[in-house]
Amino acid sequence: MADEGASAGEGLPPAGEGVSAGEARVAVEAVFREERGLLLASLVRRFGDLDLAEEVTSEAIEAALRHWPAEGVPARPGAWLLTTARRKAVDRLRRDQAYAARLAVLRADAERAEPAPAADTGSVSGAGSTSGAETGEPADERLQLFFTCTHPALAAEDRTAITLRCLAGLTTPEVARAFLVPTATMAQRIVRAKKKIREARIPFRVPGPDELPERLPGVLQVVYSVFTEGYAASSGPRLQRLDLAEEAIRLARILRRLLPAERETAGLLALLLLVHARRDARTGPDGEPVLLEEQDRGRWDRAMIEEGRGLVVRALTGGPAGPYGVQAAIAALHDEAADVESTDWAQIVALYDVLFTLAPSPVVAVNRAVAVAMRDGPGAGLALLDALAGEPRLRAYPPYAVSRGDLLTRLGRAGEAAEAYRQALEQAGTEPERAALRRKLGE
């Protein structure tokens, strides 16, 4: 998905017109953002091997950088990349008959697991839909690969890592940052997951109805993690990566259609919509973050909020709430309030208490402490944050240090606040965050 929702080919020179090497690189990157997941999923489905798919995808990108400057960007750049990658995969298999034999076994296993494979349309955007699990809704190939990468045969920590790396297009350092672990550790997890998929012959398919409820939490976590990176990028020149956030919402909608009876699919979609509704107000003209209490709520997307609120009711009706439904309820309370002062902070704290019971984590504890500060005053919130000081997973989590700095500022403890902001500045991954923290320090 291209940035800001733009079409991958929008504004690109037509086929047959030469472009500069720089323009070609920009065009390739735009197409790659738009089509990467579909391209990789189509290749995995066809050849049954994730490593091969990644390698020939990279080779197709290199080919585009060589050819497009002289020949122009093709009318269907995604299809051009897919065709090129397929040809390179076939050439590689012809050169390596033993490798081809192994892939034939993998493909035979996949075909037995899913007897009605999709027709090959020859384009990325139209390639390979299969029947939905319950409703007959066509299942996006990326969703099939999501379920492959979250198979129970993989270790829980490996599932999300490989999915974010291979399907969402995050770099290994970005994935590592999202999970607060060293890059080398995350790289090992990704390699381990690929090896397991290959050796266990995990099929490329959406599981049957009996398997889906067990497999769903892993897929929900992956979609949520993609959105989290889009909501607050771990690195780069921008605070938000709207392409990733919108891709996560699209995948959440597919999950919702595939599994309408699962309340947590409604909860996840509601959460993403209610948070993404604030996207236009979250940054100022210079791209720096705008705090919730300072945002122009008139710029919030009211249609998206109303859709999210309706899904919250579904997520919280009919049984005990799940963690995504509870988080969506918290987001709804923020979106419904006219301003920060009229926000129902008591109810938000109570919901965080429920969330911590369902999904305890230091991040939830930080968010609860901030809500307590809004309900009971900055001293109460700071005491809770200071109690988390020994938590190792918060050492690389900038919002923790920023929250401490803000509460210390409200208490008039400027020296300690400056130290907290300096710590956050060392951890911040995006330039807008760093600029905002430098401004806070200057003040």
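Leaving aside neighbours within four places in sequence, with which residues is Y324 in contact? In this predicted model, where contact means heavy atoms within 4.5 Å, Y324 meets L220, Q221, Y224, E264, G267, L268 and L271. The model is read with residues numbered from 1 along each chain as its sequence is written, and side-chain values use heavy atoms, with hydrogens and water left out. Because the model is predicted, local features need pLDDT of at least 70 and side-chain atom pairs count only at pLDDT 80 or more, whereas totals for chains, interfaces and linings use all residues.

The chain has 19 helices and zero strands, helices (H or I, at least four residues) and strands (E, at least two) being DSSP runs numbered from the N terminus. Of its 443 residues, 49% are buried, where buried means under 20% relative accessible area, exposed over 50% and partly exposed in between, with a 1.4 Å probe and protein chains only. Among contacts between residues at least 6 apart in sequence, 67% join residues at least 24 apart.

Y324 itself lies in helix α13, residues 323-336, and counts as buried at 8% relative accessibility. Its C-alpha atom is separated by 9.9 Å from that of L358, 34 residues apart along the chain.

A nonpolar core is taken here as a set of buried Ala, Val, Leu, Ile, Met, Phe, Trp, Tyr and Cys residues joined through side-chain atoms within 4.5 Å. The largest such core has 64 residues, of which V223, L255 and L272 touch the most other members. Not counting residues up to four places away in sequence, L255 touches L143, F147, L216, V219, L220, V223 and T265. Apart from this core lies another, of 29 residues, among them F47, L52, I61 and L82. V223 also has a C-alpha atom separated by 8.7 Å from that of L164, the two residues being 59 apart along the chain. L164 is found in helix α6, residues 156-166, and is buried, with a relative accessible area of 0%.

The axes of helix α5 (residues 141-149) and helix α9 (residues 212-231) come within 9 Å and cross at roughly 105°, axes being lines fitted to C-alpha atoms, for helices over the stretch in contact, with angles running from 0 to 180 degrees between N-to-C directions. By class, the residues are six nonpolar, one polar and one charged.

Helix α18, residues 414-427, has 14 residues and reaches 20 Å from its first C-alpha to its last, close to the 20 Å expected at 1.5 Å a residue, the expected span being 1.5 Å times one less than the number of residues. Buried positions in α18 are A417, A418, A420, Y421, A424 and Q427. For A424, the relative accessible area is 0%, and the contacts beyond four places in sequence are with P398, A401, V402 and L437. A424 and Y397, 27 residues apart in sequence, are 8.0 Å apart in space, C-alpha to C-alpha.

L384, in helix α16 (residues 378-386), is partly exposed, with a relative accessible area of 33%. Leaving aside its neighbours within four places in sequence, L384 is in contact with R368, A369 and V372. The C-alpha atoms of L384 and V372, twelve residues apart along the chain, are separated by 8.6 Å.

Definitions and conventions. Ala, Val, Leu, Ile, Met, Phe, Trp, Tyr, Cys and Pro count as nonpolar, Asp, Glu, Lys and Arg as charged, and the others, Gly among them, as polar.
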